[in-house]
Amino acid sequence: MVYRGQLRAKQNGRAGNPIRLTRDPAWGRGPAVLAGSDRVTGWIRGADHPKIPDPQTVWRAAVDFAPRSLWLVEPDGRSRRIPLARHPNWTSQPEDHKQQWFRWTNDPHPFRPRNGFTANDSKNLKGRDKDFVDGALIYSEFGWVMGTPYPTKVRAFDPQDGSVRFEGWTGGGNASVIFRGMRYYLEDKPQYLDDPQGEFWFDKKGVGGILYLRLPPGADPNAAAIEVGRFSDLVVAENAAHWEISGLTFRWTTPTWELDLPAWDFRTKPFGFRPDTHPGCIRVWGSGEHLRIAHCTFEDVVMPIHMQAVGDGSRICDIAIEDNVFRNADVGAAHFRDGAGWGFAEPVGVLDDVRIYRNRAENIGFRGFRYQRGSAFDLSHPQRAHIAGNVVERCGAQAINVVGGKSAYRGDVPLIRVLIHQNKAWRTMQNANDFGGIESWQHGPVYIFNNLSFDARGQWEDRRTFHGSSPGFGHAYYLDGGFKHYVFNNIAWGLSNDPTSPLVNCSAFQEIISYQNVFFNNTAYNFYTGSRRQAPHAGRNKYLGNVWQSISERAFRHADPAKTAADGNAADAGPPREFYDYGSNAYARNVFHDVAQMGVFEASGRWLDRLDDFRDALKKRGAIADETGEQAEASILRNPAQGDFRLNANSPAVDRGAVVFVPWALSGVVAEWNFYHPAGRPSEIIDEHWYAKDFMTDRDNYHLRPTYPLKAVGVAEEDYFEGPLENFARGALRFSPSKKTYAVATNADLMKPHKIKLATQPRHGQDAAYREFTIEGEALKTAQIFRSNLLIEVYFKAAADGLLAAKMDKAGYRLRIAGGKVEFALSGEGQQASLRSKTDVADGRWRHVIVEADRQAKTMALYVDGKLDAQGGGLGPVSLANDGDLFVGGSPSGEHLDGAIDFLRIAQGTLADAHTTIEELYAWQFDGPALRDMRGIKPLGRARDAGAIESH
């Protein structure tokens with residue numbers, strides 16, 4: 001059954017009683033199809049348009065709408081897309097989508113572009129009739145990165161040299177370059193209706209016009225099923241709540257008539273988003289909450305699902321996209337936005353709790369609008385998202401693309417939790433570059449684990465053909481300004497590591513302006529570069545327990561390499577050109593085979609060819625961990641070329657994996673110490689908290705944000721040891737009453753004002769009006785607690801009473817062991833409250849304790865080893881702020897802990913604020929996926945194996 005037209009939804013369900021849009025098998029056989037097309041009949045043989053070639057082989061029909069898409073439906077129900085008339089006639093090739101396109105010749109050399117985007121093709125366009133090219137749509141690769149071909153009109157054509165002028169990606173200007181060898185094609189002229197395998201063209205007159213169609217030889221459209229796209233959107237709402245859409249099939253939609261419209265709305269200042277270039281078979285343009293779309297099929301459409309918050313305070317929340325099939329979609333599979341975007345100065349709406357489970361997407365994102373890329377699943381600024389079990393096979397750009405929390409705008413986002421796992425990204429980046437098969441941007445925690453990413457292409461075909469060699473710029477996993485990410489148990493699989501081949505894959509892991517990320521127990525096979533990092537000056541990254549095999553350039557490109565080895569050595573001998581925080585990085589327990597060069601990580605770009613060279617340089621620079629790893633003489637992996645990534649039995653990767661503590665995301669984390677210190681500097685305990693605070697708007701400067709390292713007093717190198725939470729560095733600190741050891745963050749440091757320049761209005765389409773702000777007091781969001789909720793988490797062992805953590809001076813908070821019990825105390829504005837555990841924790845065993853204070857409810861709770869141990873009354877929202885320092889493990893006045901601490905964090909939010917429970921947190925941290933392989937298997941031997949798969 002086929003239902004045609006558009007459904008504008010104005011009714012909503014209620015909690016427990018949603019509106020259901022579904023099908024019942026009793027209604028009839030076959031799928032229930034919502035179609036955005038009309039079945040066109042009454043075809044007449046012969047074209048009456050003078051510019052259409054071979055007119056007697058063309059059919060025509062009059063329609064009262066303006067289509068941009070057309071399908072021939074086979075008897076078995078499958079659709080064959082008939083392309084809009086184009087030049088040259090081409091079909092997408094399995095290994096190179098654009099192989100049959102024309103190439104710009106840009107003759108003579110050096111080519112001088114004219115105003116706007118300009119290129120010439122002396123082979124295919126020179127000498128052509130002017131009308132053959134003028135006014136056509138053109139799709140061209142462009143620029144030094146990204147390069148997704150986009151539709152725009154030819155604005156000028158010169159037959160003398162075959163030069164063409166057209167507009168840039170975002171609507172004008174000469175913001176990028178068209179290089180020689182880049183590929184393009186022309187579209188939408190009657191002269192191009194010449195492909196004997198089938199094409200169509202529409203002569204628009206008013207709201208309708210004449211549709212011209214050429215079918216394969218001998219085919220008569222009157223004897224065939226011809227579906228012609230009429231609507232872009234099928235189910236549309238501005239305010240949707242409590243819906244369930246299931247079991248339906250959506251087919252045959254069309255884009256807006258003006259194919260060259262940009263996704264941005266340049267008619268407004270500040271720029272906004274055009275709804276007509278963000279279509280969807282199911283489209284919510286406003287607010288949407290408690291929506292489930294499951295077991296549906298979206299096939300041969302422009303865009304299946306698009307939801308965007310529109311208007312201040314609007315919400316797209318509690319969205320479930322489950323067990324759907326997406327096939328042959330022009331733009332993407334499912335896209336969600338909070339309503340803001342690059343260059344916004346303030347938040348618009350909220351995107352939260354988006355769950356995308358077990359969907360399959362095939363052939364996605366090869367025909368987008370301007371300023372769109374072709375991502376399958378794309379989420380802009382979710383606070384919480386869970387993307388798991390999805391299969392994406394062949395897409396134009398990313399299989400999964402997430403920008404966590406917020407972008408470059410004001411607003412406080414205390415809780416971000418994004419999980420991306422058990423996904424298969426297969427043949428991605430087939431129409432673009434500078435992206436990743438699985439890509440994440442901005443704020444974390446983001447957990448990327450147990451995924452497979454294969455052939456994230458990112459071709460630079462123009463460079464390869466011009467220079468004879470180019471690695472392209474596609475990456476299996478990409479953190480593009482990504483912070484606080486945990487990337488583990490993933491397989492990155494390249495199709496080729498040969499830069500002379502168009503099939504080459506650039507890197508397994510790419511980072512741009514990113515730090516505070518951990519890459520551990522991943523397997524990377526067959527890439528030009530193993531791991532790339534741009535702007536590494538912030539340090540704060542760890543590379544642990546990974547397997548690197550068949551890397552044709554460098555395992556680690558973690559700084560810009562010098563042009564030659566001699567240049568790098570000479571630069572390293574002189575004064576440093578830039579400060580790099582080497583001491584907060586860690587490299588350990590990796591295993592390498594068939595790697596051309598170990599890599600670079602220093603500011604000088606010095607080449608470090610051998611493993612020993614790399615290890616010695618790390619030791620010299622004082623990294624947290626400098627062991628780096630081990631070289632394998634034989635293949636580490638059994639048969640990776642055929643997809644078998646298990647370890648060989650004699651591989652040095654067996655039992656060499658990394659154990660890494662991965663904290664569960666909490667709300668408003670203002671301090672987090674794993675008790676790592678740079679080598680040789682035992683008094684420095686690095687603060688690794690991440691909080692998307694209001695003033696964090698420019699990712700280039702996040703490394704300048706305030707952090708709160710602890711200063712260890714009375715502590716020597718031997719007081720650190722390898723705790724149970726990690727095995728790659730000495731990350732536990734022993735406190736001793738006899739040595740009077742403790743750690744401190746001074747009140748002066750916690751309350752130091754932070755000066756920063758921020759935009760006061762959007763940066764696009766108008767002056768951003770930057771001015772300097774001073775962030776101080778409560779706005780700093782530190783371990784100085786005012787009226788907020790409070791949570792302290794600590795993993796420790798103790799043999800006697802002592803202080804765990806306290807910031808107390810008349811007012812404040814304190815967590816200590818007294819009489820063998822955990823005691824949590826609050827004081828503020830003359831009021832006090834305290835809570836004691838039932839469990840004795842001064843027994844020399846490692847213990848996990850969380851205490852929390854809900855200030856509005858005036859309650860306190862205490863958890864020991866994953867269970868609620870005690871609860872009682874607390875303090876209301878009176879200020880706990882004080883002038884005292886924050887002490888850990890003791891203080892100058894005493895209460896020195898006889899024991900050790902492996903992990904400590906402080907948050908301005910409870911477990912409830914984090915939408916979690918103690919059971920969920922404890923299971924994640926002490927029995928979660930970071931302690932298993934990508935299949936969920938625990939270590940089989942003495943320890944975890946390196947790489948993604950536990951084998952022995």
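1. Ground rules. The model is predicted, so local features need pLDDT of at least 70 and side-chain atom pairs count only at pLDDT 80 or more, while totals for chains, interfaces and linings use all residues. Numbering starts from 1 along each chain as its sequence is written, and side-chain values use heavy atoms, with hydrogens and water left out.

2. The eight-stranded sheet. Eight strands form an open sheet with antiparallel pairing, in the order S54-S55-S58-S69-S62-S63-S64-S65. The edges are S54 (684-685) and S65 (831-840), each of which pairs on one side only. Strands here are DSSP E runs of at least two residues, and helices are H or I runs of at least four, numbered from the N terminus. Two strands pair if DSSP finds at least two bridges between them. Antiparallel strands S63 (residues 811-818) and S64 (residues 821-828) are joined by seven bridges.

3. Nonpolar cores. A core is a set of buried Ala, Val, Leu, Ile, Met, Phe, Trp, Tyr and Cys residues joined through side-chain atoms within 4.5 Å. Buried means under 20% relative accessible area, exposed over 50%, and partly exposed in between (1.4 Å probe, protein chains only). The largest core has 85 residues; Phe250, Phe298, Phe336 and Phe377 have the most contacts inside it. Strand S20 (residues 235-246) gives the most to this core, with five residues. Another core, of 50 residues, lies apart from it; among its members are Leu733, Leu804, Leu815 and Phe824.

4. Around Phe336. Contact means heavy atoms within 4.5 Å. Leaving aside neighbours within four places in sequence, Phe336 is in contact with residues including Ile305, Met307, Ile319, Ile321 and Leu351. Asp378 and Ser380 are also among the contacts of Phe336.

5. Helix H4. Leu611, Phe614, Ala617 and Leu618 are buried in H4 (residues 611-621). Down the axis, the buried residues fall within an arc of 135°, so they line one face of the helix. The arc is that of the directions from the helix axis to the C-beta atoms. Exposed Lys619 and Lys620 sit on the face turned away from the buried side. The cover over the buried residues of H4 includes strands S47 (547-557), S48 (586-588), S49 (590-600) and S50 (629-631). Gly622 follows H4 and has a positive phi, near 75°.

6. Aromatic pairs. The structure holds 60 of them. Rings of Phe, Tyr and Trp (its six-membered ring) pair if their centres lie within 6.5 Å; planes under 30 degrees apart count as stacked, over 60 as edge-to-face and the rest as tilted. The Phe483 and Tyr515 ring centres are 5.3 Å apart with planes at 80°, so this pair is edge-to-face. The pair links distant parts of the chain, with Phe483 in S41 (residues 474-488) and Tyr515 in S44 (residues 515-520), 32 residues apart. Phe483 and Tyr515 are both buried. Tyr922 and Phe926 form a tilted pair, 4.7 Å centre to centre, with 40° between the planes. Tyr922 is partly exposed at 27%, and Phe926 is partly exposed at 22%. One aromatic cluster includes Tyr477, Trp548, Phe592 and Phe614.

7. Cysteines. The whole structure has zero disulfides (a pair of cysteine sulfur atoms within 2.5 Å). Cys395 is in no disulfide; the nearest cysteine sulfur, that of Cys506, is 17 Å away. Cys395 is buried, at 0% relative accessibility. Cys317 is buried too, at 4% relative accessible area.
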